Every structure is written in structure tokens, then in C-alpha cells.
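Subject: The structure I promised you

Hi,

Here is the structure I said I would pass on. Have it open while you read the rest of this message.

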Amino acid sequence: MQNETQILDKIRIVVTEILEINPEDIIPSANIRDDLRADSLASAEIVMALEDAFNIQFDENKVNELIYVKDLIAAISQQLTESTSTVE
């Protein structure tokens, strides 16, 4: 299982590719739309790319609740924990 630092590192790679921004700007407290300047299309791209990168599926009803980078970290961590516990 990946820890939060590893998850953040992978998020930085994905978001940097899509938004073409400095990876150091991608911090847990950053607002994805306001601070990182992701419009709705870029936000959707980020979600899909993270699903692929982590081999997870976000709950479509909760995607709009992913406002901050820390929300992404928590959602990914939860998904990874759930997938690990169902495999064991």
C-alpha cells in the first residue's frame, strides 16, 4: 500500500503533465480549480488520469467533492485501502 507522500508524488506527476505547472505548486492545501487553475475539462482529465495511474475508480457522485489536493489524497488512499482489503 502507498503512503500519502507516495500518493502525492504520483498526483504531482499526473497534474503537472495535464496542467503544465510547477510540481512544487501541487501541495495538499492547494485548491484544484483556484490555486492550480484547472478548469472543468482539466479537472475531468485529472480524475481520469489518476484513476488510470492508481488503478482505481472514483465514485462519480463524489467527484465534485474533490476540491483540494488533500481531497484527492484522501479519496485515493481510501480506494487503495478498500481494494487491498477486498483482495485479502
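This is a predicted model: local features need pLDDT of at least 70, side-chain atom pairs count only at pLDDT 80 or more; totals for chains, interfaces and linings use all residues.

Let's start with asparagine 31. You'll find asparagine 31 in the loop between helix H1 (4–19) and helix H2 (40–54). Is asparagine 31 buried or exposed? Its relative accessible area is 11%, and the cut-off for buried is under 20%, so asparagine 31 counts as buried. Now look at its side chain. A polar atom there lies 2.9 Å from the backbone nitrogen of arginine 33, and the backbone nitrogen of aspartate 34 is also 2.9 Å from a polar atom of that side chain. Which residues does asparagine 31 touch, if you skip those up to four places away in sequence? They are Leu36, Ile67 and Tyr68. Take isoleucine 67: along the chain, 36 residues separate isoleucine 67 from asparagine 31, yet their C-alpha atoms are 5.8 Å apart in space.

Glutamate 20 sits in the loop between H1 and H2, and glutamate 20 has a positive phi of about 55° even though it is not a glycine. Arginine 37 is in the loop between H1 and H2 too, with a phi near 60°, again positive in a residue other than glycine. Both side with the solvent-accessible end of the scale: glutamate 20 is exposed at 71% relative accessibility, and arginine 37 is exposed with a relative accessible area of 68%.

Next, helix H2. At the start of H2, a side-chain oxygen of aspartate 39 comes to within 3.2 Å of the backbone nitrogen of leucine 41. Just after H2, asparagine 55 takes a positive phi of about 55°. Which residues of H2 are buried? Ala42, Ser43, Ile46, Val47, Leu50, Glu51 and Phe54.

That brings us to the inside. The largest nonpolar core has 25 residues, and the ones with the most contacts inside it are Ile11, Leu50, Phe54, Phe58, Val69 and Ile76. H1, H2 and helix H3 (69–87) each supply at least two residues of this core. Leaving out neighbours within four places in sequence, phenylalanine 58 is in contact with Val47, Leu50, Glu51, Val63, Leu66, Ala75 and Ile76.

Last, the charged side chains. How many salt bridges does the structure hold? The count is 1. Aspartate 9 forms a salt bridge with arginine 12, and their closest N and O atoms are 3.8 Å apart. Both residues lie in helix H1, 3 residues apart, or about one turn of the helix. Aspartate 9 is partly exposed, with a relative accessible area of 38%, and arginine 12 also counts as partly exposed, at 21%.

Cheers

Definitions and conventions:
Residues are numbered from 1 along each chain as its sequence is written. Side-chain values use heavy atoms; hydrogens and water are left out. Helices (H or I, at least four residues) and strands (E, at least two) are DSSP runs, numbered from the N terminus. Buried means under 20% relative accessible area, exposed over 50%, partly exposed in between (1.4 Å probe, protein chains only). A polar contact is a pair of N or O atoms within 3.5 Å; within protein, one must be able to donate a hydrogen and the other to accept it, and residues adjacent in sequence count only if both atoms are side-chain atoms. Contact means heavy atoms within 4.5 Å. A nonpolar core is a set of buried Ala, Val, Leu, Ile, Met, Phe, Trp, Tyr and Cys residues joined through side-chain atoms within 4.5 Å. A salt bridge is a side-chain nitrogen of Lys or Arg within 4 Å of a carboxyl oxygen of Asp or Glu.
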